[in-house]
Amino acid sequence: MTADALGPVPSDGDDATPLTDAQRALRVSMLATEHWSLLASRSTTQSEVLTRIAIFLTLVSVGLLALGVMGNATQFQGWFGVAALGVLLLLVVLGIITALRVFNVGTEDAAYVLAMNRLRGAYVDLDPGLERYLMTSPADDEPGLERTYFPFASRAGTQVLASSMVLILVVESVLIGLFVGSLLYALSAPVGWAVAVGAVFALASLALWLWSGYRSYLQVWRAHAPLRTTPATGSGAATAAPAPAPSAESASPVRVSPEPFPVSPEPQPEPGTPTPAPAAPAPEIPVISTPAAASAPQRSDANEDPPLRRSRRRAD
């Protein structure tokens, strides 16, 4: 389906100059629709994983509380050991499922952010002056991703340690260590050995989870080919060129001449140049006036009476 616009409808390449106004409007509408779709998908995914995390932490709290109640009821003897191992195993399995889902959501969220960065790059292609007003990055590379996640600072280690992913991994590693220690103690191992082996398993599990998460992060960049890269600056963020300072001529007020048509002054002779003599006036040409010839009145005899005509002839 094509747009009702003049010019070529296909727009190959990144240059938006040959596009008509109708094609630019159609492109902006399609980009905005895709942007809102990505925002909705990201919001839904984040809400779902936060709900999963809340469910898991609730089950951990309820499970540990149930172990305390069963210990008081059984004096930590009899079937308490089997019940405790069953509850801990269930929590460990739920923790593994939750951690895997957190990893998947982290990868999906990075993909959503990169896709929205690419759309911002398309906005900048349509209007290059828009880039200076963007807080997030229009580049879909790794520095652009970090700028979108952390607009005011670089990605520090505290931001990674304080994330929900690390929280789930710590809780899951503690559960794994507790399960391994409880299993060894149930198998008649000394308490010290059971605690030491459980701590080692917990630390090893945490390191394994962190390595797995970092490997999934690297897989994103191995599969992704950015269309726009961040310029190599000190801050690692794309910066717009500063606006040129106004010149002295442009800063001075405009002076309006009081005359609508100013008259240019006559050129003055250079110093040391002899002044030319004034030109002699042209001689006056006398005008001879000739008097007009007096025109004698002509007599007309055709209209006179015959007697008067004869008397005038005698007089002549």
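Predicted model: local features only at pLDDT ≥ 70, side-chain atom pairs only at ≥ 80, totals over all residues.

## Salt bridges and a surface patch

Colleague: Which residue forms a salt bridge with D125?

Modeller: D125 sits in helix α2, while its partner lies in the loop between α6 (191–223) and α7 (248–251), so the pair ties together parts that are 103 residues apart in sequence. The closest N and O atoms are 2.6 Å apart, and the partner is R228.

Colleague: Is D140 buried or exposed?

Modeller: D140 meets the side chain of R118 in a salt bridge (2.9 Å, N to O). R118 is partly exposed, with a relative accessible area of 34%. Buried means under 20%, and D140 has a relative accessible area of 0%, so D140 is buried.

Colleague: How many residues apart in sequence are the parts that E48 and R101 tie together?

Modeller: These two form a salt bridge, with the closest N and O atoms 3.1 Å apart. They also belong to a network of salt bridges that includes R52 and E108. E48 lies in helix α1 (residues 21–74) and R101 in helix α2, so the parts they tie together are apart in sequence by 53 residues.

Colleague: What is the accessible area of the nonpolar patch formed by L89, V93 and I97?

Modeller: One of its members, L89, is found in helix α2 (residues 80–126). L89 has 40% relative accessibility and so counts as partly exposed. Together, the three residues of this surface patch have an accessible area of about 230 Å².

How values were computed: Residues numbered from 1 in each chain as written. Heavy atoms only, no water. Patch = residues over 30% accessible without salt bridge, like charges linked within 9 Å, V, L, I, M, F, W, Y side chains within 5 Å. Areas by Shrake-Rupley, 256 points an atom, 1.4 Å probe, with all protein chains shown as cover. Salt bridge = Lys/Arg side-chain N within 4 Å of Asp/Glu carboxyl O. Helix = DSSP H or I, 4+ residues; strand = E, 2+ residues; numbered from the N terminus. Buried < 20%, exposed > 50% of the residue type's maximum accessible area, 1.4 Å probe, protein only.
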